[in-house]
Amino acid sequence: MLEKVLPHAMLKAKPKLESRIRTLKRDWTIVYDMLSGKDNSGFGWNEHRQMVVVEDAVWNSYISSHKATGQFRHRSFPYYDQLTSIYTENRAIGKDA
């Protein structure tokens, strides 16, 4: 389908799409863990801005032990609700996760 739409772009759908899916899932996992993780009180979701909200003190403390979360300090994640409906049920939880 990409070849039809962009005939001379030489894009390979499979590696590009798989890479994008992996990135989206990784980002979703980071946001999901912030919002629903154990001992993460204070984190909330701003539906209008599509981003995580939390007080500065809590955010700074969390970032110190979770470096990958820093990217979501001022960044929206508009796919959160859709990806949550896809990935939540298949997520491994519990002692054998």
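This is a predicted model: local features need pLDDT of at least 70, side-chain atom pairs count only at pLDDT 80 or more; totals for chains, interfaces and linings use all residues.
**Phe 77**

I started at Phe 77 and listed its contacts (heavy atoms within 4.5 Å). Leaving out neighbours within four places in sequence, I found Phe 77 touching Leu 24, Asp 27, Trp 28, Val 31, Trp 45, Gln 50, Phe 72 and Leu 83. Numbering runs from 1 along each chain as its sequence is written, and side-chain values use heavy atoms, with hydrogens and water left out.

"Buried" here is under 20% relative accessible area, exposed is over 50%, and partly exposed lies in between (1.4 Å probe, protein chains only). This core has 15 residues, and Phe 77 turns up again with Trp 28, Val 31, Met 34 and Phe 72 as the members touching the most others. The top giver is α2, with six.

**One side of α4**

Which residues of α4 are buried? I got Tyr 80, Leu 83, Thr 84 and Tyr 87. They sit on the same side of α4, because they cover an arc of only 105° around the axis, taking the directions from the helix axis to the C-beta atoms.

**Asn 40**

Asn 40 is buried, at 13% relative accessible area. What does its side chain reach? I found the backbone oxygen of Asp 33 at 2.8 Å, and the backbone oxygen of Met 34 at 3.4 Å. Beyond neighbours within four places in sequence, Asn 40 contacts Asp 33, Met 34 and Tyr 62.

**Whole chain**

Last, I stepped back to the fold. I counted four helices and two strands, in the order α-α-β-β-α-α from the N terminus. These are DSSP runs numbered from the N terminus: helices are H or I with at least four residues, strands E with at least two. Of the 97 residues, 23% count as buried. Among contacts with a separation of 6 or more, 52% join residues 24 or more positions apart.

Note on methods. A nonpolar core is a set of buried Ala, Val, Leu, Ile, Met, Phe, Trp, Tyr and Cys residues joined through side-chain atoms within 4.5 Å. A polar contact is a pair of N or O atoms within 3.5 Å; within protein, one must be able to donate a hydrogen and the other to accept it, and residues adjacent in sequence count only if both atoms are side-chain atoms.
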